[in-house]
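Thanks, I will keep this brief. Please have the sequence and the model open while I talk.

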Amino acid sequence: MQIGKEREYQVDTRLYLYKNVIKRALDISVSLVALIVLLIPFLIISLLIKFDSKGPVFFKQVRMGKDDIPFDILKFRSMYETAPHQMSTSQLNNPSQHVTTIGKFLRKTSLDELPQLINVIKGDMSIVGPRPLILSEKNVLNLRTHNGASKVLPGITGLAQVNGRDELPDNEKAKFDSYYAANVSLSLDFKIIMKTFIYVLGERGIKE
C-alpha cells in the first residue's frame, strides 16, 4: 500500500510541475525559437497583407482568457478593415465577402494564428489549451466556466481544435475543453500538437 501511495504522489508531483512550471517554460522557449525561425515568413506575410488591402498588418480582438479575464489576441489581418471586429466568423452573414485575397490563404493554412506566439510569451496564452473565445460567445463561455475549462490558459491549438474544430456544437467543444483542463500532461499536449499538423495540412474542420 505504501509503495502505491508513493507512486501516486510521484505522479501527482510530476503533473503539478508540468502544469505549473515546465509547460510555461516550454511555451516561452518554443515561442521564442519559433519567432526567430519564422522572422522572414513573418515579413513576407506582412508585406503581402499591406499590398493586398488597406489597414494594419495585425488584427487585435478581445478574447476571454484564463479565469475569465479578457485579453487582446493578435492575428495577421485576414479581413478588410470594414469587417466587424468583435464577432466570430460564424456570426457574420456571408463571411467570405469580408475576407481578403491573401486572407483566404492565411485562414486555410492557419498562418493568421502565428502572431499568437507573442501572446504566449506575454502569458496570455499557451501553445496548447482551449481556444480563446470572443466575449459574445456566451453559451460556450458559460459551459467552460461551469466545467472548469477556464482555469487553464487558452491555447493556439487545443483538443477541440483537433476533434472537429468549427464543426463541433457548443456542448461538444466545452466537453473537450473541460477534459483537457482536467488532464493536462506532456503526452496529451504532444498528441494535440501532432494532430494539429495533420488538421492544418488537411485543412480540416474549418468553416467560413
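**One arginine, then the chain around it**

I start with Arg63, which lies in strand β1, residues 58-64. Bear in mind that this is a predicted model.

Which side chain of opposite charge is nearest to Arg63, and how far away is it? That is Glu137, at 5.8 Å. A salt bridge here needs a side-chain nitrogen within 4 Å of a carboxyl oxygen, so Arg63 has none, although Arg63 is buried.

What the side chain of Arg63 does reach is backbone: the oxygen of Pro132, at 2.6 Å.

Now the surroundings. Leaving out residues up to four places away in sequence, Arg63 touches Ile69, Pro70, Phe71, Ile73 and Lys75, and also Arg131, Pro132, Leu133, Ile134 and Leu135.

How many cavities of 30 Å³ or more does the structure hold? There is one. The volume of the largest cavity is about 70 Å³. It is lined by 14 residues, and those closest to its centre are Met64, Gly65, Arg144, Ala149 and Ser150.

Last, the whole chain. The protein chain has seven helices and four strands, and along the sequence they run α-α-β-β-α-α-β-α-β-α-α. Of its 208 residues, 43% count as buried. Taking contacts between residues at least 6 apart in sequence, 68% join residues at least 24 apart.

That is what I have on this one.

Key
Residues are numbered from 1 along each chain as its sequence is written. This is a predicted model: local features need pLDDT of at least 70, side-chain atom pairs count only at pLDDT 80 or more; totals for chains, interfaces and linings use all residues. Side-chain values use heavy atoms; hydrogens and water are left out. Helices (H or I, at least four residues) and strands (E, at least two) are DSSP runs, numbered from the N terminus. Buried means under 20% relative accessible area, exposed over 50%, partly exposed in between (1.4 Å probe, protein chains only). Lys and Arg count as positive and Asp and Glu as negative; His and the chain ends are not counted. A polar contact is a pair of N or O atoms within 3.5 Å; within protein, one must be able to donate a hydrogen and the other to accept it, and residues adjacent in sequence count only if both atoms are side-chain atoms. Contact means heavy atoms within 4.5 Å. On a 1 Å grid over the protein atoms alone, a cavity is a set of points where a 1.4 Å probe fits but cannot get out, and a pocket is an open set with protein on both sides within 12 Å along at least five of seven lines; lining residues have an atom within 4 Å of a point. Grid points are joined across faces, edges and corners, and a volume is the space filled by probe spheres set on the points.
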